[in-house]
Amino acid sequence: MAKEMLLPKDPRYLRYPLETPFDKEKARWIAFNCSRCSVCKWVNSWQVKSARYARICPQHTRYLYDSHSGQGKCDLALAIIDGKMKWDDDPEIKDILFRCTMCGGCDAMDKNIRDAELIKLYRWMRSEYIKALGPLPEHKSLIDSLKQYDNVWLQPRAKRNSWAQDLKNLGIKDLNNEKADVLLFVGCTYGLSQELKPTILNIAKILKQNKVDFGILGDKEICCGSPPDKIGLLDEFERLGTANIKRFNELGIKTLITPCAGCYGTIRVEYDELPVKKQFEVLHVAEYLDRLVADKKINYKKELNLTVTWHDPCHMGRMGRPYVPGKDLEGVYDEPRRILKSIPGIELVEMERIREYAWCCGGGGGAFTGFKDFAQWTARERLTEAKDTGADVLITSCPWCESNLRAGGIGMDEKMEVRNLFDLMMQAL
Amino acid sequence: MAKKDIRNNDRHQQILQAFQAAVGPENVKDNPATVNAYYGDWLPPKLLGMSVPPEFVVLPNGTLETQAVIKICNRYKVPFIPVGSNQWSLTGSPNRQGTVIIDCKRMGKIHEIDEKNMYAVIEPLVTLAQLQAEAYKRGLYIGSPEASATASAIAGHCFQGMWGVGYRLGVAYRNILGIEWVLPNGEILRTGSFSLDAQNGFWGEGPGPDLRGMLRGYAGAMGGFGMVTKMAVKLHPYPGPKTWPVRGTIPNQISELPEDRFKWYIIKYDSLEGAINFMYEIGKAEIAGVVQKWPTVYYIWWWANSNEQYWTEWQKRTFQDNVKNAVGVCLWGFTSPKQLEYEKRVLEDIIKETGGKPIKQEVFDLWVPRTANNWIRDTHGSRMMRPSGTFLALRLQTDTLKYAVDHVRQGYEWVEKFSPPILDCDGPDWIGGYDFGHFGFGETDFPVEKRAEDIGDLMNKLLAMTKEDVQNGLENGIGPFLGGPYHQMAAPVFNYEHLLKGIKKAIDPNFVSNPPHNIDPNA
Amino acid sequence: MIKELRDIVGAKNVLDNEEALALYAQDRSLSAPKKPFAVAKVNSAEQIQELIAFANKTFTPLIPSSSTIHFYGATLPEHGGVVVDLSGMNKILEIDPLNRKVKIEPGVTWHQLQQALKEHDQMPLNPLFPHPGTSAMTSSLEREPMLIPKYEYGDPVLTMQVHLGNGQLFRTGTASDKHTYGAYPEGPGIDFWRFFLGAQGTMGIVSWLNIKTEYRPKYQKAYFVACDELEDAADPIYKLQRRHIGNECFVLNRFLLAQLLCKEYPKDFTKLMDDLPPYTIILVIAGAPRRPLERIAYEEEALMEIATDMKFEAAKTVGGVAGLGTAILDMLHDLPADGPYWKTRYKNSTQDIFFITTMDRAQGYVEIAQGYAAAYGLTLNELGVYMQPLERGRACHLCFSLPCDLDSEQDRQRIATLHTELSQTLFEQGAFFSRPYGTWADMVYRHATTYTATLKELKKIFDPNNILNPGKLCF
């Protein structure tokens, strides 16, 4: 008779406790099992293509000390949970926790070697920090804005009507009053930024040209909840998220599409944590349009003659799917690339760090609002990498990435134009 | 809190100011949130409460700043630990209060890659993966470290470094060329051709007696002999592509090496002796780039993409029933595709003569593309932590292949004796062939649950076993990884106590370089 | 004192008569003679131990010497003392064909070793056609370059038993553990073995050494590439080494190759000097134990492909010399047991200057050497040049041979000055003298201050009374 196998006593080693709520116990489990292997600091070595672009973590690259890395945050979590440190022991704890773009680079690299959810750990830590010491002054305007206006830009709700009106002029349905299969969820940043507004109009035009039955919520659209989620205001996230799911379910839509990577990742993945369940499919506009490209429904009229490179927004890529241990960290990687390749005259050249091992733009996790110097430093790193490809333009599809990369590019010797995927598409139509 | 805070102490402030003057205020930290990130490790010290946070973390840039930092440590007689990526070591965590961590985060330059003469000059932060990427671009190769490619390449060369391609290209100790090195006493030592010209590190030996001897040893000097700030390392000819041919998405990545230049075989034998005989024959025939008899656990450690997958496959015995006593051979066509064809014919002759059988095709297909090829680039050793939070080793020794067999056989007995807390592992017996079979390396690794009680229990057992071995005049190889305490015990037995203590005393008169490693001269 | 020596090694093994001492007082270098007080011929490790105890008691220098053939002044007693003649310890203690290693005593010569290994289909990794009397152990310990750069894993030294100046008997590597086969050099503790390499006997006296052996090929083919300049040889070798082609690979200039090949001097020599090209790459392609001809075939094919690409000719001979391949292969297979040393055909000594550099810098050094040689009246045809690629061509050993008539004081002085000045200039130009013999030591160690200081610290531990070969290196 075969000898009985000696297996680990703790069942969490036999199977990662994916379904259990993310509480202190789970946080400790992840932190405790950090082996200081440093994969959280570097691009997965199988994908390292040069010494120059081998780093994955903007925070660790910028601030150097190991405390500012995934490993360091695990050490911090363990010290806090085990009572060796308190949140107010050291003012630098704030920087360690919040000078992080929550890009998920470390999280993705870590998932190559173990089952863990570092980003969820950080979110839990941020939330505990806020519970103990209150929100960060750097995030005050953002929080006030959310509370007052349900958006992150301190803009009155009615301001959304400025673009909503443009869309209505195009004959786009108002889903507050009408029915459609598809909701175009615009998001606060595209919705309220004058600079980014044309993108929404371009998307609407493309959808319209292709006879997509879609509509918008206009000034009734509220924040998806991504910023509070990332900065640890979990109650606020739950408030916004729950309200949104209920509203979207009531609309009877089949599909929600959004051009914002932040909204996308939040609605598609993070909403799964909320008690109310979604009754619709969530797609990034790039995924939706990719289907049209595949069906040869997009008829380009112009050739653009441009060499471009694609920047993978974190929340559209590695953080754009729910985590299943052992399964691919899928995301919207191929769709935008296929769209780019479909545009006449476009040559796509890749940066070294792409897809699930892409370098962050620097704009996430509250850094864009709270820690501009760091956010823009991170952006400059990305722009330099883009420049090294020989591309004329960096293309992306996330308002945070676009804004932060543009801000980061100011003052750089070598300019790199940053454009939105759908604007480029429209230019060829 | 304030009363206990060592930072309020005058001496602390004095040292802090000295460091600040040496490296700039932003490059030295003493706050709890920073130092808290510098005393954990995958191995037991932190888990068992044997390590404490350092008092300072200092980030010098370059040799001169490192020298200044080390001189300050000497002035104030404070211990320091030089760290690379600071993973995979028992001895990189402070074991006493008041320690200074010298972190190399500002030393990440590749000073030079001399493509023609096949070497690179690097600083300590440069990882094996970074160096490898630059080497590939030039048709060169650094070898696959047995740890992870996120490790510092300098530290990887100083440490054990029994990398697989060492079979053909030389064990890590042979890959070190010129070194620029701040000794524990703060003097800058340049070895090999650096001793003549600090810009030119192409040659490692001398002049005269070779002081590189101080740096290594079976498991390195454990930071006990100062800090290397610049090293020239060999690069080797490589017949593969200019970028690593990987595809897929984490964690399911597959690499495909050109079939006309690389070919894996995994050949199974009825006994360990059969497997070793096969390895000898390959070495004698002067073929192959990698020859490894991995233990069953390695196959699944490196292969499994989740804990569930690991333990499910383990319980199905997918690997235990197929790869026991199997030898992994990778043929490399350095010269041409015809070399590969030639080596295939020779290998197949040997397989036939020695009665080897290829493992089941489905297991080969399951394993090789996902694991074996990627192993050439990075073993991702940290995956060894997956199934139970950590792993430990019980014996390892390099001598001949034959000795490796005897060695792991003894290892089996100990594993049996210590299970539990050692978890199921199917007789862990890693045997590597090196230098075309001149050397054999045997190691006994196994998973053990990362629980203080289990690890503590096992650590005590392992220490008792090591002690017993040493008393019997047997160097079981795991000992050197413990650094000082081991050398204290083993040095009188193997007759190097006077020498090692003498050297330590001579170059580390204040006993500040990671005490008690690599030996305490006064004990 | 003599009595004590006799008590240790036996009366007949102590030499103290003037004639005998004169023999040990000089070698084939231009170093001034330095007479020892006595010579003790030892036969066992125990005797060495006793000698060391004696020396520590009396502060007598001990100068280890494994053979009677020395070229660099390393065994001349700078401070007097007793020459420890180890040449009588000439046993091959163990041949281990399975693990491809051999355990030798100090007095074993290359010829002896080669012959003994032959029946096991093994060969030692020897330097360039060594003098028949050269000790295989000394060559290995002194890091003389091997002819085969293909063994990337480098030097042949494995483990050793060494008698330290402090009286300690020490074994390096796994030889420190009696359970092992003594096959691995690292440890115990640190890599002590490295301290005994290139040490000229100053750190310890080695009484046995395990070195690697390799398969002795049964099938070989020699190819030759004629080059006008040394730099023309570098690129083909870089390419060949990078592609793992060939076993022995080295470059000799006309002067050295002519001396090597000539059977009758001066007749053959003169003809060869007329016929041979300025430089010749010698590349031996060898079969492995299995399917030897198939290996030769693919390597040969790759050689020809590279030759075509790079536009050089890899031929069976150069300069129309008949039987060149066979001559070289024969010499490789059977190192001479006795007879005159090939490098001293032209004059009765060769004063070599050798150092490590990279092949792409070798030509520059040749030009310097030629300039100096001309200034001292040596023609281009009297300057020997040997380039030995190391470790797949990563670096090379470059050696200039200056022929010198030891019987002519004028020649001695001329060559001595040339040797010193040329060495100094080469050093200043980046030539790395990794084995600093004689006057090179001062040149090298004066520059490498911390290295020197650290070596001295080590020396104090290994040999606190500086009894082992004092006056050498920086000691």
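Trainee: How many salt bridges does the rule find across the interface of chain B and chain A?

Mentor: Six salt bridges are found across the interface of chain B and chain A (a side-chain nitrogen of Lys or Arg within 4 Å of a carboxyl oxygen of Asp or Glu). This is a predicted model, in which local features need pLDDT of at least 70 and side-chain atom pairs pLDDT 80 or more, while totals for chains, interfaces and linings use all residues. Residues are numbered from 1 along each chain as written, chains are lettered from A and ligands numbered from 1 in written order, and side-chain values use heavy atoms, without hydrogens and water.

One bridge can be looked at by name. B:K105 pairs with A:D66 in a salt bridge whose closest N and O atoms are 2.8 Å apart. Side chains of opposite charge can pair when their charged atoms come close.

Now take the interface as a whole. Chain B brings 73 residues to the contact and chain A brings 67 (heavy atoms within 4.5 Å). Together the two chains bury about 5800 Å², and 54% of that is on carbon and sulfur atoms (accessible area, 1.4 Å probe, lost on being put together, summed over both parts).

Which parts of chain B touch chain A? Several elements each supply at least two residues to that side, including strand 1 (28–29), helix 5 (128–137), strand 12 (246–249), strand 13 (252–255) and helix 13 (361–377) (DSSP runs numbered from the N terminus: helices H or I, at least four residues; strands E, at least two). By class, this side of chain B has 26 nonpolar, 26 polar and 21 charged residues (Asp, Glu, Lys and Arg are charged; Ala, Val, Leu, Ile, Met, Phe, Trp, Tyr, Cys and Pro nonpolar; the others, with Gly, polar).

Last, some context. Over all chains, the whole structure has 108 salt bridges. One of them is between C:D235 and B:K116, with the closest N and O atoms 3.1 Å apart. C:D235 sits in helix 6 (residues 230–242) of chain C, and B:K116 sits in the loop between strand 5 (110–114) and strand 6 (119–122) of chain B, so this pair joins two chains.
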